[in-house]
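This report describes a single protein chain, shown below.

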Amino acid sequence: MVYNGLLKKERQALHERIGLIMEQSFHDRLPEFYETLAFHYKQGQSVSKAVDYLIKCGEKSLNRYSLDEAHRYFQEAFDILSHKEDSPKKMTS
(Lines give C-alpha, C1' and ligand atoms only; values in the text may rest on other atoms or scores of the structure.)
Protein backbone atom coordinates (compact mmCIF):
# COMPACT_ATOMS: atom_id res chain seq x y z
CA MET A 1 0.00 0.00 0.00
CA VAL A 2 1.29 3.44 -0.92
CA TYR A 3 0.28 4.95 2.44
CA ASN A 4 2.63 2.62 4.33
CA GLY A 5 5.48 3.65 2.04
CA LEU A 6 5.17 7.29 3.06
CA LEU A 7 7.42 8.77 5.70
CA LYS A 8 5.77 9.58 9.01
CA LYS A 9 5.94 13.34 8.32
CA GLU A 10 4.36 12.82 4.90
CA ARG A 11 1.51 10.79 6.45
CA GLN A 12 0.98 13.49 9.08
CA ALA A 13 0.88 16.18 6.38
CA LEU A 14 -1.59 14.10 4.35
CA HIS A 15 -3.96 13.70 7.32
CA GLU A 16 -3.62 17.40 8.07
CA ARG A 17 -4.54 18.29 4.49
CA ILE A 18 -7.54 15.93 4.52
CA GLY A 19 -8.81 17.59 7.70
CA LEU A 20 -8.44 21.06 6.21
CA ILE A 21 -10.20 20.07 2.98
CA MET A 22 -13.04 18.46 4.94
CA GLU A 23 -13.47 21.59 7.05
CA GLN A 24 -13.66 23.72 3.90
CA SER A 25 -15.90 21.36 1.95
CA PHE A 26 -18.36 20.55 4.74
CA HIS A 27 -18.25 23.79 6.75
CA ASP A 28 -22.04 23.99 6.85
CA ARG A 29 -22.44 20.49 8.33
CA LEU A 30 -19.30 19.85 10.37
CA PRO A 31 -21.06 17.96 13.23
CA GLU A 32 -21.64 15.07 10.83
CA PHE A 33 -17.88 14.75 10.43
CA TYR A 34 -16.52 15.40 13.95
CA GLU A 35 -15.29 11.83 14.36
CA THR A 36 -13.51 11.77 11.01
CA LEU A 37 -11.99 15.20 11.58
CA ALA A 38 -10.79 14.16 15.03
CA PHE A 39 -9.13 11.09 13.52
CA HIS A 40 -7.34 13.00 10.77
CA TYR A 41 -6.14 15.79 13.04
CA LYS A 42 -5.02 13.26 15.63
CA GLN A 43 -2.96 11.54 12.95
CA GLY A 44 -1.82 14.90 11.61
CA GLN A 45 0.02 17.75 13.23
CA SER A 46 -2.72 19.87 14.82
CA VAL A 47 -2.94 18.85 18.44
CA SER A 48 -5.35 21.67 19.29
CA LYS A 49 -7.74 20.76 16.46
CA ALA A 50 -7.58 17.07 17.38
CA VAL A 51 -8.49 17.88 20.99
CA ASP A 52 -11.21 20.30 19.90
CA TYR A 53 -12.87 17.73 17.66
CA LEU A 54 -12.49 14.94 20.24
CA ILE A 55 -14.30 17.12 22.78
CA LYS A 56 -17.02 17.86 20.21
CA CYS A 57 -17.30 14.11 19.58
CA GLY A 58 -17.67 13.55 23.31
CA GLU A 59 -20.39 16.19 23.57
CA LYS A 60 -22.17 14.75 20.54
CA SER A 61 -22.07 11.29 22.16
CA LEU A 62 -23.39 12.68 25.44
CA ASN A 63 -26.32 14.23 23.60
CA ARG A 64 -27.12 10.74 22.29
CA TYR A 65 -26.75 9.30 25.82
CA SER A 66 -23.83 7.16 24.65
CA LEU A 67 -21.83 7.52 27.85
CA ASP A 68 -19.13 4.93 27.14
CA GLU A 69 -18.43 6.45 23.76
CA ALA A 70 -18.36 9.97 25.23
CA HIS A 71 -15.95 8.80 27.91
CA ARG A 72 -13.59 7.35 25.27
CA TYR A 73 -13.52 10.62 23.33
CA PHE A 74 -12.97 12.76 26.44
CA GLN A 75 -10.29 10.35 27.68
CA GLU A 76 -8.50 10.51 24.34
CA ALA A 77 -8.53 14.33 24.45
CA PHE A 78 -7.22 14.24 28.02
CA ASP A 79 -4.46 11.80 27.06
CA ILE A 80 -3.35 14.03 24.19
CA LEU A 81 -3.29 17.08 26.43
CA SER A 82 -1.40 15.20 29.13
CA HIS A 83 1.17 14.04 26.57
CA LYS A 84 1.51 17.56 25.19
CA GLU A 85 2.29 18.99 28.62
CA ASP A 86 4.85 16.25 29.33
CA SER A 87 6.83 17.00 26.21
CA PRO A 88 7.45 20.11 24.14
CA LYS A 89 7.46 17.96 20.99
CA LYS A 90 4.50 17.62 18.66
CA MET A 91 2.15 14.70 19.15
CA THR A 92 3.22 11.61 17.25
CA SER A 93 1.29 8.54 16.22
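## Salt bridges

A search of the whole structure finds 6 salt bridges, a salt bridge being a side-chain nitrogen of Lys or Arg within 4 Å of a carboxyl oxygen of Asp or Glu. The structure is a predicted model, in which local features need pLDDT of at least 70, side-chain atom pairs count only at pLDDT 80 or more, and totals for chains, interfaces and linings use all residues. Residues are numbered from 1 along each chain as its sequence is written, and side-chain values use heavy atoms, with hydrogens and water left out.

One of the salt bridges joins glutamate 23 to lysine 49, with the closest N and O atoms 2.8 Å apart. This pair links distant parts of the chain, since glutamate 23 lies in helix H2 and lysine 49 in helix H4, 26 residues apart; helices (H or I, at least four residues) and strands (E, at least two) are DSSP runs, numbered from the N terminus. Glutamate 23 is buried, with a relative accessible area of 15%, whereas lysine 49 is partly exposed at 27%. Here buried means under 20% relative accessible area, exposed over 50%, and partly exposed in between (1.4 Å probe, protein chains only).

Glutamate 76 forms another salt bridge, with lysine 42, and the closest N and O atoms are 2.3 Å apart. This pair also links distant parts of the chain: glutamate 76 is in helix H5 and lysine 42 in helix H3, 34 residues apart. Glutamate 76 is partly exposed, at a relative accessible area of 25%. A salt bridge also joins the side chains of arginine 29 and glutamate 32, at 3.2 Å from N to O. Arginine 29 has 36% relative accessibility and counts as partly exposed; glutamate 32, at 48%, likewise counts as partly exposed.

## A buried glutamate without a salt bridge

Glutamate 16 is located in helix H2 (residues 8-25). This residue is buried yet has no salt bridge, and the nearest side chain of opposite charge, lysine 49, is 5.8 Å away. For this assignment, Lys and Arg count as positive and Asp and Glu as negative, while His and the chain ends are not counted.

Not counting residues up to four places away in sequence, glutamate 16 touches His40, Tyr41, Gly44, Gln45 and Ser46. Contact means heavy atoms within 4.5 Å.

## Aromatic pairs

The count comes to 3 aromatic pairs. Rings of Phe, Tyr and Trp (its six-membered ring) pair if their centres lie within 6.5 Å; planes under 30 degrees apart count as stacked, over 60 as edge-to-face and the rest as tilted. The rings of tyrosine 34 and tyrosine 53 are tilted because their planes stand at 45 degrees, with the centres 5.8 Å apart. The pair links distant parts of the chain, with tyrosine 34 in helix H3 and tyrosine 53 in helix H4, 19 residues apart.

Tyrosine 41 and tyrosine 53 form a stacked pair, at 5.9 Å centre to centre and 5 degrees between the planes. Tyrosine 41 belongs to helix H3 and tyrosine 53 to helix H4, 12 residues apart. Tyrosine 41 is buried at 0% relative accessibility, and tyrosine 53 is buried at 4%. Ring pairs link Tyr34, Tyr41 and Tyr53 into a cluster.

## Helices and interior

The protein chain has 5 helices and 0 strands, in the pattern α-α-α-α-α along the sequence. In helix H3 (residues 34-43), Tyr34, Leu37, Ala38, His40, Tyr41 and Gln43 are buried. The buried residues of H3 pack against H2 and H4.

Of the 93 residues in the protein chain, 32% are buried. Among contacts between residues at least 6 apart in sequence, 45% join residues at least 24 apart.

## Surface

The accessible surface of the protein chain comes to about 6,300 Å², and 57% of this belongs to carbon and sulfur atoms. Accessible areas come from the Shrake-Rupley method with a 1.4 Å probe; for residues, only the protein chains shown count as cover.

Ile55, Leu62, Leu67 and Phe74 form a nonpolar patch on the surface, with about 320 Å² of accessible area together. Patches are made of residues with over 30% relative accessible area and no salt bridge; like charges are joined within 9 Å, and nonpolar side chains (Val, Leu, Ile, Met, Phe, Trp, Tyr) within 5 Å. Helix H4 (47-63) and helix H5 (67-86) each supply at least two residues of the patch. Leucine 67, found in helix H5, is exposed, with a relative accessible area of 56%.
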